[in-house]
Amino acid sequence: MSLSYPRDVLLNKSRRWRSSSVSVSLDAGLKIAQISKDATVCFQGPKERIKELFSKVELSVSSYDTAWVAMVPSPSSPQYPYFPKCVTWLLENQLPDGSWGLPHSKSMLIKDALSSTLACVLALKRWNAGEEHVKKGIHFIVSNFASATNEKQHSPIGFDIIFPGMIDYAKDIGLNIPLSPSILDSLLCKRHLEFKRASTSCSERRKAYLAYVAEGLGKLQDWNEVMKYQRENGSLFNSPSTTAAAFIHFQDANCLNYLHSVLERFGDAVPTTYPSDTYTRLCMVDILVGLGIDRHFRDEIKVVLDETYRYWLQGDDEIFLDPATCAMAFRILRINGYDVPSDALAQFDEDHYFCDPLIGHMGDINAPIELYKASEIMISNEPVLENLNFFLSRYLKQGLSNDSLPVDGVHIYTSKETFHWRHIYLNPPLGMLQVEYTLGFPHYASLERLQSRSNIENYNVNSLRILKTAYRSLNISNRNFLQLAMEDFNFCQEICRKELQHLELWVKENKLDKLKFARQKLVYCYFSGAATLFSPELSDARMAWAKNGVLTTVVDDFFDDRGSKEELVNLIELVEKWDGSEAAHFCSEQVQIIYSALYNTINELGNKAFAWQQRTITSNIIEIWLSLLNSMMEETEWARNNLAPTIDEYMTNGYVSIALGPIVLPALYFVGPELSEEVVNSTEYYNLYKLMSTCGRLLNDVQGFKREAEQGKLNGVFLRMMHSCSGNITKEEAIKEIRAVIVSNRRQLLKLVLKREGSVVPRACKDVFWKMSKILHLFYMRNDGFTSPTEMVNYVNAVIYDPINLI
């Protein structure tokens, strides 16, 4: 099942890295202890700094929200501010150009700066403080006022209501701002139309939107309606600005308590959203996983997941009232084996959520992307997830086609021209174009190392999110993440190159290069393991994976094309006897080379596995190989005798003959946990193997139909067309049936992998079955990647040969 690699490319790449700086012994496997020690020393600094972030959530404070809190009057003395320290903070944090907002912000955030600056000017004027600060602020607003109607500028949520509303408030308190009448009229007209459209709608989402931007409506707002959205923590939407405005108009004690709690946490200023600990920590976990460095923080991540699950069971508002947080919590918890039902996402169905054209005001593209990714984690027939997946896919595709999706503020500074367009998989587009990547490469076809490289190359240490105003979090955008991920990737990659050199010697020592009929697929055999089993300590698993992958390719070609019946029978008998090479009778040199390679490699792996398993497993590997050889012999007999088996006969034999058993099953002995004979013989173990292999067989049949039909080989598509109960069906109909079976088997496989209660196969081993399934889905996504590997060359280079070098 391995892939051919252009010979000249392979030789050039190999020569390029002969002098690799990694010094490791591969005679009996890598010296893992020394490697781990070196890595620990190398990565210690950034690792410790990242670990500290698990105990705290760091958000930038918001001058906009702080200004609204500063405007809260004292209930006993309304002529004085209730939070004078916030006023002082405003005076101390004006930027040199007269604005307030995030320092070093780019020109695309002028609207954010205008909104923040106007709010700060209003707060200072409200208490007759900072006359010079007010003058400088007004100068900034007037100088940049034209940007308020510039459609190319990114608008914070609610800008078209809040900014004109604050201008009205400025008039009420006698603050003169000399603005362009035409631009001002345009803003006020847009505010009026948006308010009218939202206020006359029956949509709950529109009502919620008006409540969220209530500070921009002032007396136009029905504050009794606003207070219906108050949360248990006393806030309105976890927004300090909305909550402060609500207290000013409604004098609610719980609002005041919330504001006190935020200031107790952050000091004299407030962020634009609080609390957001759950979302931020989940983002942190997701980023670490995406960068391929989560294995360095297993204990810390476990604490986050346990805490999130506890909040999930408690029905915590912070999770369930925010679509992005709820979707991310569901996806990450389920992937890690926590029991989370999909009905929690039913509240975000089409009728109640995305049908509303104002959805863009309540969140950016992050929410629908997170919900779509959550909808992919289906482990059975789950109508909630199926419905989500259907309409979100349609919503995102339509948004791509007509450019109507909400703009994502996370990567607002990254333009399309800055992408590393080696391949869309390796470097997914940022911002809105991230949707195209999300739709094109589903979770079940993503390889960890490719995904990691893509995320590293596109990681933005200065990324930000924009709600009513822009903010950053060190838990999400952090240079230590990038440093550790890049060093870790390159370190693991150097080990991969050394391992590949060892495998090249292994091929020559076993004379496999003398079998001219066999496709040379070493690089792709190794790549498929290295792209998923990439940790340094998994060297033995990668080597077992790659060697057996090469051998299955050789044997497959031998049975398909070059082996006579006498040779095939001879090979099977030799494996059954397992007497070694000296006493064996070989009917040809080809049989001798193949059997000797099998004998040497299986015994080598058996000896290595003893150190991992503390028991002899050589006989298990022999049985795996015998099962494959007999299944291939069955297919050969069908082909040579022009027999057409039933679909059941074909599939019963085919899930074995796809040759995944010898690749995956021996590798399980090297991933860490001990596998007893009882586990290996369990129904769960067998089902994992069968479901994975069935997916592989059917994916191969769909993409290889044309080629195999030309070669006169059996294929599941052809057999379905032949044996259809309703008469002959078309190729397209047969393929549609097969794809439905693939989906069903894939979901059953994931369900078994994620199952905790009653499971006997260790999770680390179950993950290997899922990893192979993802490899198969990627390689067969658009064509037969194993036979037509052009598309895979970039993937191989990215994982094995090309280091990451970010300037």
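Visitor: In which loop does P275 lie?

Guide: Welcome! This is a predicted model, where local features need pLDDT of at least 70, side-chain atom pairs count only at pLDDT 80 or more, and totals for chains, interfaces and linings use all residues. Residues are numbered from 1 along each chain as its sequence is written, and side-chain values use heavy atoms, leaving out hydrogens and water. Helices here are DSSP runs of H or I with at least four residues, numbered from the N terminus. P275 lies in the loop between α12 (253–266) and α13 (277–290).

Visitor: Is the peptide bond from Y274 to P275 cis or trans?

Guide: Most peptide bonds are trans. For the bond from Y274 to P275, omega is near 0 degrees, and that makes this bond cis.

Visitor: Is Q614 buried or exposed?

Guide: Q614 sits in the loop between α26 (589–613) and α27 (618–640). Its phi is positive, about 60 degrees, although Q614 is not a glycine. Buried means under 20% relative accessible area, exposed over 50%, and partly exposed in between (1.4 Å probe, protein chains only). Because its relative accessibility is 52%, Q614 counts as exposed.

Visitor: What is the phi of Q251 near?

Guide: Q251 is placed in the loop between α11 (240–250) and α12. With 45% relative accessibility, Q251 counts as partly exposed. Phi of Q251, a residue other than glycine, is positive, near 55 degrees.

Visitor: Which residues is R281 in contact with, leaving aside neighbours within four places in sequence?

Guide: R281 belongs to helix α13, and at 14% relative accessibility R281 counts as buried. Contact means heavy atoms within 4.5 Å. With those neighbours left aside, R281 is in contact with F54, S55, K56, V57, V304 and E307.

Notes
Helix = DSSP H or I, 4+ residues; strand = E, 2+ residues; numbered from the N terminus.
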